[in-house]
Amino acid sequence: MSMEDYDYLFKIVLIGNAGVGKTCLVRRFTQGLFPPGQGATIGVDFMIKTVEIKGEKVKLQIWDTAGQERFRSITQSYYRSANALILTYDITCEDSFRCLPEWLREIEQYANNQVVTILVGNKIDLAEKREVVRQRAEDFAQSQSMLYLETSAKESDNVEKLFLDLACELIREAKQNKLDNNDTAPMPGEGKAISYLSCCSVV
Ligand SMILES: Nc1nc2c(ncn2[C@@H]2O[C@H](COP(=O)(O)OP(=O)(O)OP(=O)(O)O)[C@@H](O)[C@H]2O)c(=O)[nH]1
C-alpha cells in the first residue's frame, strides 16, 4: 500500500464541555460501538477513519479533546491545524449549552480562521430529559454561521451523517480553494476572502 492511499486528509477536532459525549461520538463513528462506562478523556485522543465519498478516499484524523477545564492549555494547541471543529453540547444539559459562547471565544483565539465549525446537540435518545429546545440551538448556530446537527452516540442517530457531511463540506472547500488559487492568484499582500459554510449533504 502506498504511503498516501487517499485523495484528501482532513483533521477534525471535537470540543465542548466534559460529559457531553465527544468520546462516544468518535467511538461510534470509528468503531461502531457505544462504550460502556466511558471514563473522562485525559488530554487528547486520536483516531483515524478513511471513508469514500463520491469515489474519492478521504482520510479523517479525528482528535477527541478533554472537556475538563484543567486540560484546556493542552487541548488549545490542537485547534490551530484543525480543518473542522465539532463543537458539542448535551441537549439534556442547559449548562453545556450556556458554555458555548465561551467555546466560541476559544475557537476565535486559537483556531485557523478558515476552520469549518459544526454545532452538535448530542444525546437525543434522552428526549424526555431535553433542556435545550431545538429551535434555540438552531437559531444560535445560525447566528454564529455554524452548521447544526442533533445526534445520539448511543442510538447511532446522525453520527455517520455528522462526519460524512463534514468531509463533504471540506472537500467542497478544498476544491474551491484550488480553483481560486489557479484562477485568481491574489496580488502580493492582498488578502483572499474565503467563503464557506454553505450546507452540504451526502445522503
Ligand atoms: N443517553 C446517552 N448517553 C450518552 C450519549 N453519548 C454519551 N453518553 C454518556 O455520557 C457520558 C459522557 O460521555 P463521553 O463520551 O465520555 O463524554 P466526553 O464529552 O468525551 O467527556 P470528556 O472526555 O470528559 O470531555 C457517558 O456516561 C456516556 O455513556 C448519548 O448519545 N446518549
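Let's start with Glu94 and Arg136. Their side chains meet in a salt bridge, 2.8 Å from N to O. By salt bridge I mean a side-chain nitrogen of Lys or Arg within 4 Å of a carboxyl oxygen of Asp or Glu. This pair links distant parts of the chain: Glu94 sits in helix H3 (residues 94–98), Arg136 in helix H5 (residues 134–143), 42 residues apart. Helices are DSSP runs of H or I with at least four residues, strands are runs of E with at least two, and both are numbered from the N terminus.

A word on the source. This is a predicted model, where local features need pLDDT of at least 70, side-chain atom pairs count only at pLDDT 80 or more, and totals for chains, interfaces and linings use all residues. Residues are numbered from 1 along each chain as its sequence is written, and side-chain values use heavy atoms, with hydrogens and water left out.

Back to the pair. Glu94 is buried, at 17% relative accessible area. Arg136 is partly exposed, at 33%. Buried is under 20%, exposed is over 50%, and partly exposed is in between, with a 1.4 Å probe and protein chains only.

Next, Arg130 and Glu150. They form a salt bridge too, with the closest N and O atoms 2.7 Å apart. Arg130 lies in the loop between strand S5 (116–122) and H5, and Glu150 in strand S6 (residues 147–150), so the pair ties together parts 20 residues apart in sequence. Arg130 is partly exposed at 30%. Glu150 is buried at 3%.

Now helix H6 (residues 159–183). Glu169 and Arg172 both lie there, three residues apart, about one turn of the helix. Their side chains meet in a salt bridge at 3.3 Å, N to O. Glu169 is buried, with 0% relative accessible area. Arg172 is partly exposed at 31%.

Salt bridges with shared partners join Glu94, Asp95, Arg98 and Arg136. How many salt bridges are found in the whole structure? Eleven.

On to the ligand. It is surrounded by 22 residues; the closest are Lys22, Thr41, Gly67, Asp125 and Ala153. The cut-off here is a heavy atom within 4 Å. A polar side-chain atom of Lys22 lies 2.8 Å from a ligand oxygen. A polar backbone atom of Ala153 is also 2.8 Å from an oxygen atom of the ligand. For Lys154, a polar backbone atom is 3.2 Å from a ligand oxygen.

Technical notes
Polar contact = N/O pair within 3.5 Å; in protein donor to acceptor, adjacent residues only side chain to side chain.
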